[in-house]
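Here is a short briefing to read alongside your structure viewer.

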Amino acid sequence: MEAAEAVAKVEQWLREVHGPGTDLRVDQANLVRRPEGWYVPYNSAAFLDGGDLGERIVPPPALIVRDPEGDLRHASPVFGGLSVPAQYPGRDHWAEMVDPEYADSGLGRLGVPLPAIMGWRRYLPDGTETDETRSNPEYRTGPSRRGYPMPSTTLDSLVEFRHIGWLDQRKFVLGLLEESVLVPLTDGRVRHQSTKDGRRTVELWTSTRFFPPGSREWFWLDPVTLLDHVPEADLIIHGPWQLPVEVTTEEIRAAHAEFPRYSDKIEVTGECVEASADLRRFAADTAARIGLPEPIEPPVDAGDSARAHGFELTADECYRVVTGRSWVRRMAMALPPRPPYDPAAFGLTPGYDDDGEPAVRVDSFGKFADVGQNTNFSWQRLLGAYVGFALGEALGAPVDRLSREEIVRAHGPDQVTDLSAPGQIGPLTQRLLFLTEAVLRGGGDAAHEAITRWRHTQGETVPGIDGWLPNLRELHSVRDPDPADLRSGPAVLLGALPGVLTIGGRGEVPFGASEAAVRTFAALPESDESDLTFAVFLGLLFERSLEREFSPALWVSAGAVLRDREGPGWDAVRELAGRSLIAIPEQGMYHLPDPEEIGDGLDTPSVLGRALAAVTGFENNPEAALLRAVNHSGRSALTGAIAGALAGARNGVPGLPPKWVDQLELKPLIERVVTDVARRFEGIPEGEEGQRWLRRYPAIRP
């Protein structure tokens, strides 16, 4: 479309809307072609012709004439905002209902793609909103509902939108022009690779968060400047979840020729904060201030551990790790001055030593650990699962078995929105810890003693109890479980997570190898085969969620789990998954299940189904997932715990609501047990450390 045609369309609209004698005219001096189409501003003739500032419209309005479609849209007055269809007097108006992910992305300069429009709502000529809507058969579910990671940059969004089909390759490259990319450096130089056809490739990243471990320096530059360094190469852009998009330098040149980059040039080198010179100087200053003979090394190990599992230390966290490690070394050397009176301010947090005694340790923020880094499961995701489990139980306990009507009467129309008691550990979390202790003590045989050892903490006299957990005063809090839970029913689901941990070592194991162990850990005196199959299904979901890489959405994991499972028990699981998980068609609107509609909330399948329904589609919003999991009739505490474990495994502790995590009772104990699980993955230690281990976790007696 030529500029003159676009101007003519806008002038026709001005006459039709404002009348033939309108004083409004196209501002042809500021006509611009954009990726969405021609940007055609207009203003009063008195201002355009005579410069009368009193007649100037501020901000100047503009229409977008789409190219090549030719339809008119009101340009957004906000940079990055969305245009909307132009309105005409005397006509109904159908407003677009754009997926919030696209609307909030700041990519309005690329236009509103049809697949990102969920539907349209009708407005009367006077602007009155109606209830009449039309769905868009070409809509495609957005990345967040699909379970893609939450984007942290506009480039992250571009990559995800390209993957799901909201943007085609041309629009992706046009969007890329105004962004910037990161290139890890090797010895200060951009690293090239060669493909089979001899063409060079360069790997780029959307964020330092997704850098491969070991990266220390980076080059930050815009795509046009990048061409000066790699004039002929294929660019592989890695975004969230290691989603690559390939772009050639020819595509960038062609896009830049059509729509020259208007943002400033970017060409900056830098280094990851955990390896920075500033942090080294801070370590030296800290050592001098507290009397250490030598400063500690920069926490590059912590940074690599975090990145390997999908997390990144902030600058503040890096400085606090340096402070905390410095104090831990100083305290080990028994040097003055006195230890800090406020551990958190110095990068320290409460914990337990190898003898089970309270001690301070360096705060890891749930992002790194010095154990279990090359094993089948991620320490970060495992800790998230346990903390999420405890939070879910704490949220659901006050409304357990209440109907929705009773929850509304007790907590108001918004139902449960916060912790009633400050994150109090419940009986389900207590029992989970003892089932986990069984893993540490030797596995399946020890699992049969787990409930007995837990009962010892609940006031029963059990002779000969040894080990750390049963004699830990903090666990001797009676939390009144339902006695029926100890014999049958949905309590079998508690065995899924600890059962899976039995395959968490270093060696490769086939997917599904945990099934026998889950059955052992889940079995109750009166549990039946159907209940155990549901527990196995939950365990297999945990297998996928706890892997080192970013865990996929529940509907994706469930599909992989159920693909090769056959038999009547698995038919029931397949039917439950169909009702409980988000339904995402190739095109058209997705369907989110309501937890309340899954069974009665009391038996094993409905408790599991409601937990799945609460999380599915909300994998990136753990707070919403947890509240969905407890605000229903039925077993709110157990449903919330399972949902919390699934959400926590995916997001880790850093992704769980901090306002709840900070209130969680016995969080240091949970973290110590999880850390010991990761150590168990690497093998029981030997020597004196091994003796301390056996005092904490005595082996099962023959």
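A residue counts as buried when its relative accessible area is under 20%, and as exposed when that area is over 50%. Please keep in mind that this is a predicted model. With that cut-off in hand, we can turn to Asn43, whose relative accessibility is 3%, so Asn43 counts as buried.

**Asn43 and its surroundings**

- Asn43 belongs to strand β3, which covers residues 37-44.
- From its buried position, Asn43 extends its side chain to the backbone nitrogen of Ile57, at 2.9 Å.
- Leaving aside residues up to four places away in sequence, Asn43 touches Asp23, Leu24, Arg25, Leu48, Glu55, Arg56, Ile57 and Pro60.

**Helices α5 and α6**

- A pair of packed helices is described by the angle between their axes and the distance between the axes.
- For helix α5 (residues 154-164) and helix α6 (residues 169-177), the axes come within 10 Å and cross at roughly 175°.
- Angles over 145 degrees count as roughly antiparallel, so α5 and α6 are roughly antiparallel to each other.
- On the α5 side, Leu155, Leu158, Val159 and Arg162 take part, and they meet Gln169, Phe172, Gly175 and Leu176 of α6.
- This contact of α5 with α6 is made up of five nonpolar residues, two polar ones and one charged one.

**Helices α14 and α15**

- Helix α14 (residues 427-441) packs with helix α15 (residues 444-457) at an angle of about 135°, and their axes are 8 Å apart.
- That angle makes α14 and α15 oblique to each other, and α14 passes α15 in a right-handed crossing.
- From α14, Pro427, Gln430, Arg431, Phe434, Leu435, Glu437, Ala438 and Arg441 meet α15 residues Ala446, Ala447, Glu449, Ala450, Ile451, Arg453, Trp454 and Thr457.
- Sorted by class, the contact of α14 with α15 holds nine nonpolar, two polar and five charged residues.

**Helices α17 and α18**

- The axes of helix α17 (residues 515-522) and helix α18 (residues 529-545) come within 9 Å, crossing at roughly 125°.
- This makes α17 oblique to α18, and their crossing is right-handed.
- Glu515, Val518, Arg519 and Ala522 of α17 meet Glu529, Leu532, Thr533, Ala535, Val536 and Gly539 of α18.
- In the contact of α17 with α18 there are five nonpolar, two polar and three charged residues.

Note on methods:
Residues are numbered from 1 along each chain as its sequence is written. This is a predicted model: local features need pLDDT of at least 70, side-chain atom pairs count only at pLDDT 80 or more; totals for chains, interfaces and linings use all residues. Side-chain values use heavy atoms; hydrogens and water are left out. Helices (H or I, at least four residues) and strands (E, at least two) are DSSP runs, numbered from the N terminus. Buried means under 20% relative accessible area, exposed over 50%, partly exposed in between (1.4 Å probe, protein chains only). A polar contact is a pair of N or O atoms within 3.5 Å; within protein, one must be able to donate a hydrogen and the other to accept it, and residues adjacent in sequence count only if both atoms are side-chain atoms. Contact means heavy atoms within 4.5 Å. Axes are lines fitted to C-alpha atoms, for helices over the stretch in contact, and angles run from 0 to 180 degrees between N-to-C directions. Angles under 35 degrees count as roughly parallel, over 145 as roughly antiparallel, 65 to 115 as roughly perpendicular and the rest as oblique. Ala, Val, Leu, Ile, Met, Phe, Trp, Tyr, Cys and Pro count as nonpolar, Asp, Glu, Lys and Arg as charged, and the others, Gly among them, as polar. A crossing is left-handed if the near helix is turned anticlockwise from the far one by less than a right angle, and right-handed if clockwise.
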